[in-house]
Amino acid sequence: MIVHSPSRVTIEMMNSLQAAEARGKSSALSFFERNFDAISTWSTWVGLVACAALALWAWKAGVLTSLDSLQEFLGKFGPLAPVIFIAFQIIQVVIPVLPGGISTVVAPAMFGWVLGFIYNYVGLVAGSLAAFLIAKRLGMPFIRQHFSKRLLERYESWTSNRRFTVYFAAAIAAPLAPDDFLVYLAGTTNMSLRTFTIIMLTCKPWAIIVYCWGFDFIVRTFFQ
């Protein structure tokens, strides 16, 4: 059997194609590097607008006016209800439209204690990561514009304290703390994404457990 070696023309064509492919990748990477800030800012605002639009639609549709209306709305989706709930919790953190505890207790009421905890955990952590990154990009002016002066006066001094990480972790673990606001506030500090993620993964479950257990206890004690 005779094996023909590639001709010189074929080799040159292959080299030309490889060189063109390398130039294309280099150009794309160069474009991304040059326009990173613009792309990042644009994507941040697109995300904010999308979340705002969904929240406004849900509010006008009556979904967010009460716990009962939210439960009724989720029940219409059948097997997709967990996905819709997780998406709602993500939006709820980025653009708070109900006190966090209200939406959190919906999950155990609809899905049971264990699954309710899991869905809350996934949605709240994902939403918190999104809010943290938004605050990293937009900074303190964004927070001053969208949160009350009272909250700022009460907690802004934390950011200049070297124990901010400890205070923040304790607040995230505690129920009733304004954790949505504190997540944004953390994004304006020098806290790294890694540290923030570890805090959310290890501390957030405790607040969720208190909310879920408390709701389950009230239902079993007073309504059964």
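The protein chain has 10 helices and zero strands. Helices here are DSSP runs of H or I with at least four residues, strands are runs of E with at least two, and both are numbered from the N terminus. Along the sequence the pattern reads α-α-α-α-α-α-α-α-α-α.

This is a predicted model: local features need pLDDT of at least 70, side-chain atom pairs count only at pLDDT 80 or more, and totals for chains, interfaces and linings use all residues. Residues are numbered from 1 along each chain as its sequence is written, and side-chain values use heavy atoms, with hydrogens and water left out.

Of the 224 residues of the protein chain, 36% count as buried. Buried means under 20% relative accessible area, exposed means over 50%, and partly exposed lies in between (1.4 Å probe, protein chains only). Contact means heavy atoms within 4.5 Å. Among contacts in the protein chain with a separation of 6 or more, 72% join residues 24 or more positions apart.

### Two helix pairs

Two packed helices are described by the angle between their axes and the distance between the axes. Axes are lines fitted to C-alpha atoms, for helices over the stretch in contact, and angles run from 0 to 180 degrees between N-to-C directions.

Helix 4 and helix 6 pack at an angle of about 35°, with axes 7 Å apart. Helix 4 passes helix 6 in a right-handed crossing. A crossing is right-handed if the near helix is turned clockwise from the far one by less than a right angle, and left-handed if anticlockwise. Helix 4 contributes Pro82, Phe85, Ile86, Gln89, Ile90, Val93 and Val94 to the contact. The helix 6 side includes Tyr119, Asn120, Gly123, Leu124, Ser128 and Ile134. By class, the contact has 13 nonpolar, five polar and no charged residues. Ala, Val, Leu, Ile, Met, Phe, Trp, Tyr, Cys and Pro count as nonpolar, Asp, Glu, Lys and Arg as charged, and the others, Gly among them, as polar.

Helix 8 (residues 164-173) and helix 9 (residues 179-187) pack at about 155°, with axes 10 Å apart. That makes helix 8 roughly antiparallel to helix 9. Angles over 145 degrees count as roughly antiparallel, under 35 as roughly parallel, 65 to 115 as roughly perpendicular, and the rest as oblique. The crossing of helix 8 past helix 9 is left-handed. Phe164, Phe168, Ala171 and Ile172 of helix 8 meet Asp179, Leu182, Val183, Leu185 and Ala186 of helix 9. Eight of these residues are nonpolar, none is polar and one is charged.

Helix 9 is mostly covered: nine of its nine residues are buried. Asp179, Asp180 and Gly187 are among them.

### The nonpolar cores

A nonpolar core is a set of buried Ala, Val, Leu, Ile, Met, Phe, Trp, Tyr and Cys residues joined through side-chain atoms within 4.5 Å. The largest one has 36 residues, and Phe168, Phe181, Val183, Tyr184, Met191 and Phe196 touch the most other members. Helix 4 (81-94), helix 6 (113-146), helix 7 (149-155), helix 8, helix 9 and helix 10 each give two or more residues to this core. Helix 6 gives the most, with 11 residues. Another core, of nine residues, lies apart from it, with Phe73, Leu74, Ala81 and Tyr119 among its members.

Leaving out residues up to four places away in sequence, Met191 touches Phe132, Lys136, Phe164, Thr165, Phe168, Ala186, Phe196 and Ile199.

Gln89 and Ser128 both belong to the contact of helix 4 with helix 6.

Tyr155 and Phe181 are 26 residues apart along the chain, and their C-alpha atoms are separated by 9.4 Å. Cys203 and Ala174 are 29 residues apart in sequence, with 8.4 Å from C-alpha to C-alpha.
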